[in-house]
Amino acid sequence: MPEITCPKCGEVFTVDESGYAAIIGQVRNAEFHKELHEREAQLAKEKENELSLIKTQAKMEQEQSVYALKQEIERLKAEITTVAKDKDIEKERSLNSLNQEIERLKAQVQSNEQAKTLAVASAVNEKKDELVEKDKKIMQLESQLKEAEKDKQLQEQSLKDNFAVQLKAKDTEIAFYKDLKTRQSTKMVGETLEQHCEIEFNRLRATAFQNAYFEKDNDAKTGSKGDYIFRESTPEGIEFISIMFEMKNEMDTTATKHKNEDFLKELDKDRNEKNCEYAVLVSLLESDNELYNTGIVDVSHRYPKMYVIRPQFFISMITLLRNAALNSVQYRKQLAEYKNQNIDISNFEAEMNDFKEKFGRNYQLASDKFRKAIEEIDKTIDHLQKTKDALLSSENNLRLANNKAQDLTVKRLTKNNPTMAQKFAELENKE
């Protein structure tokens with residue numbers, strides 16, 4: 001359906017083809033009459049300006065010619081006066097010649113004036129002819145306008161007749177459904193509305209909704225479920241629209257009448273649990289409420305992206321939401337790409353952090369082992385240093401012992417030992 005934006009409030013609303021054609025016809029007729037009056041005024045003003053300009057130019061040319069003739073006459077008179085002083089005979093002849101010339105110039109002036117008058121008359125006649133042609137065009141346009149108005153009236157009458165036929169068909173259909181509901185149980189009434197919506201969708205599934213998912217909601221894990229779920233994705237698998245549908249109907253003879261608002265909260269709950277973007281209540285409740293009988297009712301002030309419609313707007317509602325969502329497919333693709341990029345970046349950061357953690361753990365283990373090895377080396381060095389000191393101490397003791405051994409003599413051995421001194425003395429005597 002065509003969309004029209006209000007120039008005052010900026011609100012966008014839709015009209016059907018007949019209403020749109022009627023608005024276009026009104027605007028076109030008003031603009032045409034306005035342009036026609038402006039064009040007539042402009043042509044009249046142009047005609048007056050051109051006539052005034054032609055008269056002004058003719059008057060100026062005439063005055064210039066008369067002035068030139070007067071100048072010429074004055075010059076000739078001056079010449080005659082000068083010549084008359086010297087030649088009286090020639091004066092008469094010159095006067096006659098001058099008079100003839102004057103008469104000729106007067107005749108020429110009259111001829112010029114006549115020619116100018118004829119030229120002005122010719123120009124005026126041409127302008128009159130142009131104005132006549134323009135008047136003929138204006139009459140033709142007025143005739144076309146009258147024919148367009150007649151066509152418009154015929155179209156309006158045709159639309160009225162079609163609307164009357166459609167209204168009669170709707171009344172017949174309403175009477176049929178009322179009669180049908182009186183012969184059905186409460187459960188059958190609700191199921192009939194669901195079947196009606198499913199049949200309407202399946203009629204267009206093969207042509208308009210080839211890639212769409214539209215099935216009953218059979219998942220009641222959370223304790224409640226909606227009636228139908230509509231989803232559609234791009235060929236790349238990016239979901240760009242999802243709708244949770246709830247169908248509500250009741251018999252006219254039901255004692256306790258429900259209202260549409262009684263089911264909005266539960267519908268919003270089901271929508272959120274099934275991760276659907278939009279929620280639509282297809283309802284035949286409150287049949288006398290003009291709010292719901294005029295078209296699509298937006299209840300987003302109660303719950304976000306929620307609408308209440310009559311069954312006849314079921315396909316129109318899906319089409320409107322789907323077409324609006326198609327405009328955001330490109331942005332959804334970009335968002336998916338950004339999410340994938342963020343996931344790649346997050347994975348890269350996670351892998352880098354994991355590598356850093358593992359490397360740090362390995363570094364810590366290697367550092368601990370290296371520290372222990374250094375400590376063992378230091379201990380070994382201390383032990384070797386002690387061994388070295390012990391060996392150096394033993395060497396010193398051996399040197400002292402050697403020195404003492406070198407200083408050892410029989411005299412020292414027998415000093416303070418009379419027995420050994422006697423023995424050694426005996427040995428020496430024997431020798």
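**View 1. Strand 3 (residues 212–216) and strand 4 (residues 228–233) run side by side in the antiparallel sense, joined over five bridges.** Strands here are DSSP runs of E with at least two residues, helices are runs of H or I with at least four, and both are numbered from the N terminus. Two strands pair if DSSP finds at least two bridges between them. Look for Ala 212, which sits opposite Glu 232 of strand 4, and for Lys 216, which faces Tyr 228 in strand 4. This is a predicted model, where local features need pLDDT of at least 70 and side-chain atom pairs count only at pLDDT 80 or more, while totals for chains, interfaces and linings use all residues. Residues are numbered from 1 along each chain as its sequence is written, and side-chain values use heavy atoms, with hydrogens and water left out.

**View 2. Strand 4 also pairs with strand 5 (residues 239–248), antiparallel again, over six bridges.** Here Tyr 228 stands opposite Phe 245 in strand 5. The hairpin made by strand 4 and strand 5 has five residues between the strands, and in it Gly 237 takes a positive phi near 90°.

**View 3. Step back and you get an open sheet of six strands, in the order 3-4-5-6-8-7, with mixed pairing.** Which strands are at the edges? They are strand 3 and strand 7 (297–298), each pairing on one side only. As a bit of background, strands of a sheet pair through backbone hydrogen bonds, either parallel or antiparallel. Strand 6 and strand 8 go for the parallel sense, over four bridges, with Ala 279 opposite Met 306 in strand 8. Strand 7 and strand 8 pair in the antiparallel sense over two bridges, and there Asp 298 is set opposite Tyr 307 of strand 8.

**View 4. Strand 8 is covered on both faces.** Met 306 and Val 308 are buried on one side, and Tyr 307 and Ile 309 are buried on the other. Buried means under 20% relative accessible area, exposed means over 50%, and partly exposed is in between (1.4 Å probe, protein chains only).

**View 5. The largest nonpolar core has 25 residues, and Phe 230, Phe 245, Val 282 and Phe 314 touch the most other members.** A nonpolar core is a set of buried Ala, Val, Leu, Ile, Met, Phe, Trp, Tyr and Cys residues joined through side-chain atoms within 4.5 Å. Helix 6 gives the most, with six. Apart from this core lies another, of 13 residues, including Ile 229, Leu 264, Val 297 and Met 306. In general, nonpolar side chains tend to be buried together in soluble globular proteins.

**View 6. Zoom in on Phe 245 and its contacts.** Contact means heavy atoms within 4.5 Å. Leaving aside neighbours within four places in sequence, Phe 245 is in contact with residues including Phe 214, Phe 230, Val 280, Val 282, Phe 314 and Ile 318.

**View 7. In helix 6, the buried residues are Phe 314, Ile 315, Met 317, Ile 318, Leu 321, Arg 322 and Ala 325.** Why are they on the same side of helix 6? Because they cover an arc of only 160° around the axis, taking the arc from the directions from the helix axis to the C-beta atoms.

**View 8. Helix 4 has its own set of buried residues: Leu 264, Leu 267, Asp 268, Asp 270 and Arg 271.** Their arc around the axis is only 165°, so they end up on the same side of helix 4. The buried residues of this helix pack against strand 5, strand 6 and strand 8.

**View 9. Asn 275 lies in the loop between helix 4 and strand 6.** Is Asn 275 buried or exposed? Asn 275 is exposed, with a relative accessible area of 61%. Not counting residues up to four places away in sequence, Asn 275 touches Arg 231 and Ser 242. Asn 275 and Ser 242 are 33 residues apart in sequence, yet 8.1 Å apart in space, C-alpha to C-alpha.
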